[in-house]
Amino acid sequence: MNGQREQGTVNEDRTGVHLPHTEESPARQVWRRVIIAATVLIATVLIVYLHRDSYADNQGGEISLLDATYYATVSLSTTGYGDIVPVTPGARLVNIIVITPLRVMFLIVLIGTTLEALTARSREEFRIRRWRSRVRQHVIVCGYGTKGRSAIRALLSTGTDADHILVVDPDPRAIDEATAAGFTGVLGDAGRMEVLRRTSVEKARAVVVAADRDDAAVLITLTVRQLNPTVPITASVREEENASLLRQSGADSVITSSATSGRLLGLSTDQPGVVAVVEDLLTSGRGLDLAQRTVSQSEVGLGPRQLRDVVLSVARGGRTLRFDDPLIGTLQSEDVLVVVKAHRASAEKG
């Protein structure tokens, strides 16, 4: 990756928070400074050598290319032994107008490398402190595997900004990938309390548990619930028999990945049309979309079947009622609907 821009280079403070960042690779930064310094040195050597008749060596003799290189080196480094000096007014004017600015540039290049190394840590710590003071209503995704990345794509498609998504994963490569995509990352096991504290979980809007193992998902859910008793937790579990354990641990929603996949596989043999519709509903941005919204004023007093959107459920008073539940009656102003609607672009195209 030398010679290319590296996006999402891991930047962290002592607390392990990694902010999305774009910077040149260290090798590219060093080589760029070396090239600039070499160019300045060569330019100075050429200037001195082309005007060698205007310089005097206290040991006598003409100024050779080696002498010009020696003079340029000691002059740019401000050593200045004084054994070779400009003796004509023109040479001294060139030293003032040309070589002195080159000397300053040379020193800036050398000192700048050291200063950047010293200030980079302080600058990054300032960025992280500022992030901590501003972060709130963010979504924490525990696990950046296949499920975690899919969850993030869904969040982005529904309007969540990338700077409001935080990824927790014990794999440094996963954190590198997450920061490269523009998300904040925390390196560590989300089941450990000190790791979750770095995420400001007490100010989070929601937590998505996308661990690879069910036991890890249970531990993460318990830890999150201990630090934030009210934050909504959505957890993924591989085995259906562990779903109840996740709910007992504090998860508000549990997605059984293996059972869901198995049902779709079974339906695909005899009812492929059902699977196609389900895939369409789960794929945001085209065809049909699932959406949750509140009832508009014009819809109050109507029945669910009278709406343009297809109503799947109605949330009212802490209860979720299916579309065919007679308790729904007519819609009320505080009802929250889950509906199926055509994606806007698809609807306009049609």
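**Salt bridges, surface and sheet architecture of the predicted model**

Asp309 is buried, its relative accessible area being 19%, which places this residue under the 20% limit for burial. In this predicted model, Asp309 takes part in a salt bridge with Arg293, with an N to O distance of 3.3 Å. The pair ties together parts of the chain that are 16 residues apart in sequence, because Asp309 lies in the loop between β12 and β13 whereas Arg293 belongs to strand β12. Arg293 also meets the side chain of Glu299 in a salt bridge, here with an N to O distance of 3.0 Å. Glu299 is likewise buried, with a relative accessible area of 13%.

Arg308 is located in the loop that runs between β12 (288–294) and β13 (310–316). The relative accessible area of Arg308 is 85%, and the residue is therefore classed as exposed. A distance of 9.7 Å separates the C-alpha atom of Arg308 from that of Val339, a residue 31 positions away along the chain.

In total, the structure contains 8 salt bridges. One of them links Arg192 and Glu194, whose closest N and O atoms are 2.5 Å apart. Both partners are partly exposed: Arg192 has a relative accessible area of 46%, and Glu194 has a relative accessibility of 37%.

Val30, Trp31, Val34 and Ile35 make up a nonpolar surface patch of about 420 Å². Of these residues, Val34 is found in helix α1, which spans residues 26–50. Val34 is partly exposed, with a relative accessible area of 42%.

Helix α7 comprises 14 residues (214–227) and reaches 20 Å from its first C-alpha to its last, close to the 20 Å expected at 1.5 Å a residue. The buried residues of α7 are Asp214, Ala217, Val218, Ile220, Thr221, Thr223, Val224 and Arg225. In an α-helix, residues three or four places apart point the same way, because there are 3.6 residues a turn. The cover over the buried residues of α7 includes the strands β6 (139–142), β9 (206–209) and β10 (233–237), together with the helices α6 (193–197) and α8 (243–249).

Strands β6, β9 and β10 also belong to an open sheet of 7 strands, ordered β2-β8-β7-β6-β9-β10-β11 and mixed in its pairing. At the edges of this sheet stand β2 (17–18) and β11 (253–256), each of which pairs on one side only. Within the sheet, β9 and β10 pair in the parallel sense over 3 bridges. Val207 has Ile233 of β10 as its bridge partner.

Overall, the secondary structure of the protein amounts to 11 helices and 15 strands. Of the 350 residues in the protein, 36% are buried. Among contacts with a separation of 6 or more, 60% are accounted for by residues 24 or more positions apart.

Terms used:
Residues are numbered from 1 along each chain as its sequence is written. This is a predicted model: local features need pLDDT of at least 70, side-chain atom pairs count only at pLDDT 80 or more; totals for chains, interfaces and linings use all residues. Side-chain values use heavy atoms; hydrogens and water are left out. Helices (H or I, at least four residues) and strands (E, at least two) are DSSP runs, numbered from the N terminus. Buried means under 20% relative accessible area, exposed over 50%, partly exposed in between (1.4 Å probe, protein chains only). A salt bridge is a side-chain nitrogen of Lys or Arg within 4 Å of a carboxyl oxygen of Asp or Glu. Patches are made of residues with over 30% relative accessible area and no salt bridge: like charges are joined within 9 Å, nonpolar side chains (Val, Leu, Ile, Met, Phe, Trp, Tyr) within 5 Å. Accessible areas come from the Shrake-Rupley method with a 1.4 Å probe; for residues, only the protein chains shown count as cover. The expected span of a helix is 1.5 Å times one less than its number of residues. Contact means heavy atoms within 4.5 Å. Two strands pair if DSSP finds at least two bridges between them.
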